[in-house]
Amino acid sequence: MKKMKLLLPALTMAIAVPALAQNAVTLYGVIDEGLDFTNNVRGNKVYELQSGYVQGSRWGLKGAEDLGGGLKAVFQLENGFNVNNGALGQGSRMFGRQAYVGLVSNNLGTVTLGRQYDSLVDYLAQTTANGNWAGYLFSHPYDNDNTDNSFRVNNTVKYTSPSFAGLQFGGTYSFSNDTNFANNRQYSVGGQYANGGLLVAAAYLQANNPGATTGGAISSTGDSNFAATRLRIFGAGVNYTFGPATVGFAYTNTYFSQPTSTEYVGSITPSTGTLSSLRFQNFELNGKYQFTPAFFVGAMYTYTRANFNTTTGNSKPNYQTIGLMADYNLSKRTDVYLQGAYQHVGGDKTGTALDVAYVPGAADVSSNRSQLVTRVAIRHKF
């Protein structure tokens, strides 16, 4: 009887192991915390602790269940939070970064439903510095092209293809969840090709009335970077890695019809006339050099040309942004980094907050056309 009592638990564990091998749930996260210095915040210097710049601080759960025949059920729930005060991110959502469930087929691809990233983030952002290794401070002005995730898309059906010899593509459709079917809906498509050290990507997104409702595709609560009647973004980029060096170029073109404000600097309504459209064209060069497996240095330069079109005339401001970063890994899960980003605004004036410099992530706008932000931080992954 004693032998039977010892044998039964062992048999139970032996039976359970295959089931566990086919069904897995993973808890993961990132904590990114550092000290920022901004040289000009409405004429003053500011020192502050800030959370989640190279990567947004987060924790999440993701899992998969093997359904057999090359089919799996998958899910992911990802929370964003502020390390300094424990507050929820992304408009105080419990799982504001991602929340979806879906099916994966080895031969047909993946379909997921929920709150997700659009195709610009999935494919194109990887060719930019901010969407790859540098994060928030290196974003294009006001993150106008969403390559740094200013918004996620709600009510979304997403398709992702399998990889065909390095080629992968996909798209999203986000419902408005409104009686007016087209009010605050979104759709996007994109793709990328990877072969050896080469990565080529392109994507397109359109949204109707982004930020017009709280429950639509791009919510007015902690999501929309600009409030407008229509948003169109398209872009392409390329990265090439040779030895320890990576160089990249990305171009994006963002168009807003009848924009009224941005969550970064508030109202952009001109003092005279009506703003009919706003366009940003971003040209980015970036590079990274891996001196050792534990240490890299990266740099980025972006030239942005804007077209500010009103009923009384047009103006063409421009923005030049330079970013530098050094990162050292203390272990496989913990690193420390130093960053600096400088922006200068030139060209025509619009008579709005867009005329002064603002580095995304700064405490507030500058009092003039230049602004510098530096950051020293630690990041831990689990």
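Which residues is Phe 280 in contact with, leaving aside its neighbours within four places in sequence? In this predicted model, the partners include the aromatic residues Tyr 142, Phe 226, Phe 256 and Tyr 319. Asn 144, Asn 253, Thr 252, Thr 254 and Thr 304 are also in contact with Phe 280. Arg 305 and Ala 306 complete the list.

Phe 280 belongs to the largest nonpolar core, which holds 44 residues. Phe 280 is among the members that touch the most others, together with Phe 138, Tyr 142, Val 265, Leu 278, Met 325 and Leu 354. Strand S17, residues 295–310, supplies the largest share of this core, with 4 residues. In soluble globular proteins, nonpolar side chains tend to be buried together.

The largest pocket has a volume of about 1300 Å³. Its lining comprises 50 residues. Closest to the centre are Gly 52, Gly 56, Gln 90, Arg 97 and Asp 148. Two helices, H2 (119–124) and H3 (130–134), each give two or more residues to this lining. So do the strands S2 (44–51), S4 (71–80), S16 (275–292), S19 (317–329) and S21 (370–381). Helix H3 gives the most, with 4 residues. By residue class, the lining of the largest pocket divides into 25 polar, 13 nonpolar and 12 charged residues.

The second largest pocket holds about 420 Å³ of space. It is lined by 21 residues. Lys 62, Gln 76, Gln 98, Tyr 100 and Tyr 117 lie nearest its centre. The elements that give two or more residues to this lining are strands S1 (23–41), S3 (58–68), S4, S5 (98–105), S6 (109–116) and S7 (153–160). Its residues divide into 8 polar, 7 nonpolar and 6 charged.

S1 and S3 run antiparallel and are joined by 8 bridges. Within this pairing, Asn 23 stands opposite Glu 65 of S3. S3 in turn pairs with S4 in the antiparallel sense, over 10 bridges. Here Ala 64 stands opposite Val 74 of S4. S3 and S4 form a hairpin with 2 residues between them. In its turn, Gly 69 has a positive phi of about 65°.

Strand S7 has pairings with S6 and S8. S6 and S7 are antiparallel, with 6 bridges between them. Gln 116 stands opposite Val 153 in S7. S7 is also joined to strand S8, residues 167–174, by 5 bridges, again antiparallel. Lys 158 has Thr 172 of S8 as its bridge partner. S7 and S8 form a hairpin with 6 residues between them. Ala 165, in the turn, has a positive phi of about 50°.

S11 is joined to S14, residues 261–262, by 2 bridges. Phe 226 has Thr 262 of S14 as its bridge partner. Phe 226 is also one of the residues in contact with Phe 280.

Note on methods. Residues numbered from 1 in each chain as written. Predicted model: local features only at pLDDT ≥ 70, side-chain atom pairs only at ≥ 80, totals over all residues. Heavy atoms only, no water. 1 Å grid on protein atoms, 1.4 Å probe; cavity = no way out; pocket = protein on both sides within 12 Å on 5 of 7 lines; lining within 4 Å. Points joined across faces, edges and corners; volume = space filled by probe spheres on them. Nonpolar A, V, L, I, M, F, W, Y, C, P; charged D, E, K, R; others polar. Core = buried A, V, L, I, M, F, W, Y, C linked by side-chain atoms within 4.5 Å. Buried < 20%, exposed > 50% of the residue type's maximum accessible area, 1.4 Å probe, protein only. Contact = heavy atoms within 4.5 Å. Pairing = 2+ DSSP bridges.
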